[in-house]
Amino acid sequence: MIRARGLEFAHGRHAVLRGVDVDAADGRVLGLLGPNGSGKTTLLRLLHGALRPRRGTVEVDGQDVAGLSAHELARRVAVVVQETDHGSGTDLPLTVAESVLLGRTPHRGRFGGTTAQDVRVAEAALRRVGGLPLAGRRLVEVSGGERQRILIARALAQSAQHLLLDEPTNHLDVRYQHEVLSLVRSLGTTVVVVLHDLSLAAAYCDEVVLLHDGVVRAAGDPAEVLVPALLEPVFEVDVRRLDHHGELHLAFRPRPPRG
Ligand SMILES: Nc1ncnc2c1ncn2[C@@H]1O[C@H](COP(=O)(O)OP(=O)(O)OP(=O)(O)O)[C@@H](O)[C@H]1O
């Protein structure tokens, strides 16, 4: 369980998040949605302790993240950030297999080396994302979509009960967008995922939080949040809900420029 209450965050004088509450329940997929600049990545970073709030608290399994060491936190929470973000490690001269093995680091002692168990877990994680054939390749040589799946494998190898992902479908072709999200959904871990594609959010999230200008505009069941009355003022487009084989899809039309 990840629980945030009353989160406030600012870059200098620029308020980024105000009074944000989040409840990510065990084994459920929570989607963070909202327009560019609405505060999704900032919120995700607060949830895994990479940023400290000015006000408010974040608890993981009832413990304040501010009181957990980086090592303890990494055993509980695995994070897949966008590959351009600092810390994704994709610029290191590593093979794919070595990169996935890095996910095991929180499970080692200070001077502990790689164990056979680490190798087995890393291999299983790479297999789950369809990445085994890439194991011997250098990370800098794989495509953007392949790299994204490898970063997810590294997070899986971390064996944490909570998984946070920032736009994991970036760079993925349509098949892998669905494969990665159904994989993430099948893990049984708590998942908090930033998504731009609202139809994917409708298909794979149990709950969603809709952010706008750093404030939660709506939260709850995707079927109740992904409605034109809530989405149109936030995204400033016309929204239609479509039913395709019983699944909710959303279609958008730009609004004509104001005269
Ligand atoms: N390092 C920084 N310094 C100053 N302002 C920042 C910094 N990082 C982010 N911001 C600002 O904070 C606000 C929220 O940014 P954030 O990246 O959380 O939004 P987002 O919803 O994830 O956006 P996107 O969909 O474009 O990725 C934006 O106005 C952004 O310009």
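One part of this fold is an open sheet of four strands, ordered β2-β1-β4-β5 with antiparallel pairing. β2 (14-24) and β5 (63-64) sit at its edges with a single partner strand each, so one side of each has no neighbour in the sheet. Keep in mind that this is a predicted model: local features need pLDDT of at least 70, side-chain atom pairs count only at pLDDT 80 or more, and totals for chains, interfaces and linings use all residues. Residue numbers start from 1 along each chain, as its sequence is written.

A quick word on terms: strands pair if DSSP finds at least two bridges between them. Helices (H or I, at least four residues) and strands (E, at least two) are DSSP runs, numbered from the N terminus.

**The four-stranded sheet**
- Strand β1 (residues 2-11) is joined to β2 by seven bridges, and the two run antiparallel.
- Ala10 has Ala15 in β2 as its bridge partner.
- Helix α1 (residues 40-47) lies across β1, β2 and β4 (55-60), at about 125 degrees to β1. Such angles run from 0 to 180 degrees between N-to-C directions, with axes fitted to C-alpha atoms, for helices over the stretch in contact.

**The six-stranded sheet**
- There is also an open sheet of six strands, in the order β6-β7-β8-β3-β9-β10, and here the pairing is mixed.
- Its edge strands are β6 (77-80) and β10 (215-220), each pairing on one side only.
- On average, neighbouring strands of this sheet are turned by 15 degrees against each other, direction ignored.
- Four bridges link β3 (residues 29-33) with β9 (residues 207-212), and these strands run parallel. Leu32 has Val209 in β9 as its bridge partner.
- Helix α5 (residues 144-157) lies across β6 and β7 (162-166), running at about 175 degrees to β6.

**Helices α4 and α5**
- The axes of α4 (residues 116-128) and α5 come within 8 Å and cross at roughly 140 degrees. That makes α4 oblique to α5; angles under 35 degrees count as roughly parallel, over 145 as roughly antiparallel, 65 to 115 as roughly perpendicular and the rest as oblique.
- Val121, Ala122, Ala125, Leu126 and Arg128 in α4 meet Ala153, Leu156 and Ala157 in α5; contact means C-beta atoms, placed from the backbone, within 7 Å.
- By class, this contact has seven nonpolar, no polar and one charged residues. Ala, Val, Leu, Ile, Met, Phe, Trp, Tyr, Cys and Pro count as nonpolar, Asp, Glu, Lys and Arg as charged, and the others, Gly among them, as polar.

**The β11-β12 hairpin**
- Eight bridges join β11 (residues 237-244) to β12, and the strands run antiparallel. Leu242 stands opposite His249 in β12.
- Two residues lie between the strands of this hairpin, where His245 takes a positive phi near 50 degrees.
- Of the eight residues of β12 (residues 247-254), zero are buried, so the strand lies largely in the open. Buried means 20 or more other C-beta atoms within 10 Å of a residue's own, exposed 12 or fewer, and partly exposed in between, with C-beta atoms placed from the backbone.

**Positive phi in loops**
- Most residues other than glycine have a negative phi.
- Ser159, not a glycine, has a positive phi of about 50 degrees. Ser159 is in the loop between α5 and β7 and is partly exposed, with 15 other C-beta atoms within 10 Å.
- Glu236, not a glycine either, has a positive phi of about 55 degrees. Glu236 is in the loop between α9 (228-235) and β11 and counts as exposed, with 10 C-beta neighbours inside 10 Å.

Methods. Contact = placed C-beta atoms within 7 Å.
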